Amino acid sequence: MVKTCVIPCAGLGTRLRPLSLAVPKELLPWGRKPLLEHLWTEMWEAGIRKFVIVLRPGKEIIRQHLEAAGLEAVYVEQKEPRGQADALRCARYEVDGPFVMGLPDQQLPTGVSQLLAHYNGQNSLSSMVEVSRPEFFPGASAFLHEGDGPCYRMTGIGKEEGPLRGFGRTVYTREFLDFIPEETNDSSFGPLFLEWLEIGRHEVVILEGEPADLGTLDGYVHYQKHPPG
């Protein structure tokens, strides 16, 4: 049912400075491959065949790298880094059905496969992971949920506490992109998502495996000691 992904790559990578001043965070290496290529492999192995990459001016090197690697994608422009909601909205004309959003700085090799195994038409299907080092997952709140699983009903967004944290893999219906207003910013996504929860069916899956968040300098340094196999 889900054959398209949207990968936001237009951010400034401020939490990874000074590393991201020279190289976009999406192309920073983890083991033998850049973060973006790890996510690409994860998506491909889950059956995703259309890749929509959201870029902004100044990050053309990402497109150059993927083309040199023989990886085909559709590219859309986010004129300035106005946050995740705006990045998704920029991709709306390239998406014609349910799609999975993936964030390259969060890694779990089987994450998308696990998520899509539980997708059956929900308006959104989010993911959480159990983390052993919460300090390396800053800003990742847990989702409030209820039920017996494996798909729990999503009821809201919780605080940054406990071992369960939201993870950068979510399936949305195409309608979510039209739900995003034209004027959004970095702080818009949370309130917007809570409004979206009032419409239709929304669930969350707890993924298995050891996740890695390489989106901050401390996390990147830590997980470099634990590269993928």
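Reader: Which ring does the charged end of Arg49 sit over, and how far is it from the ring's centre?
Author: A charge sits over a ring when NZ of Lys or CZ of Arg is within 6 Å of the ring centre and within 35 degrees of the ring normal. The charged end of Arg49 meets this rule over the ring of Trp44, with a distance to the centre of 3.7 Å.

Reader: What kind of model is this, and which conventions apply?
Author: Residues are numbered from 1 along each chain as its sequence is written, and side-chain values use heavy atoms, without hydrogens or water. Local features need pLDDT of at least 70, side-chain atom pairs count only at pLDDT 80 or more, and totals for chains, interfaces and linings use all residues, for this model is predicted.

Reader: How many aromatic pairs are there?
Author: Rings of Phe, Tyr and Trp (its six-membered ring) pair if their centres lie within 6.5 Å; planes under 30 degrees apart are stacked, over 60 edge-to-face, the rest tilted. By this rule the number of aromatic pairs is ten.

Reader: What geometry do Phe136 and Tyr223 show?
Author: The ring centres of Phe136 and Tyr223 are 6.1 Å apart. Phe136 lies in the loop between strands S8 (124-130) and S9 (143-146), and Tyr223 in helix H8 (217-224), 87 residues apart. Both Phe136 and Tyr223 are buried (under 20% relative accessible area with a 1.4 Å probe, protein chains only; exposed is over 50%, partly exposed in between). With 70° between the planes, the pair is edge-to-face.

Reader: Phe179 and Trp196 also pair; why is that pair tilted?
Author: Phe179 in helix H6 (175-179) and Trp196 in helix H7 are 17 residues apart. Their ring centres lie 5.2 Å apart. The pair is tilted because the planes stand at 50°.

Reader: Which residues do ring pairs link into a cluster?
Author: Ring pairs tie eight names together. The cluster holds Phe99, Phe143, Tyr172, Phe176, Phe179, Phe189, Phe193 and Trp196.

Reader: How many residues of strand S13 are buried?
Author: Strand S13 covers residues 202-207. The rest of the structure largely encloses S13, because the buried residues number five of the six.

Reader: Which residues of S13 stand opposite Met128 and Cys151?
Author: S8 runs parallel to S13 over six bridges, and strand S10 (151-157) runs antiparallel to S13 with three. Strands pair if DSSP finds at least two bridges between them. Opposite Met128 stands Ile206, and the bridge partner of Cys151 is Val205.

Definitions and conventions
Helix = DSSP H or I, 4+ residues; strand = E, 2+ residues; numbered from the N terminus.
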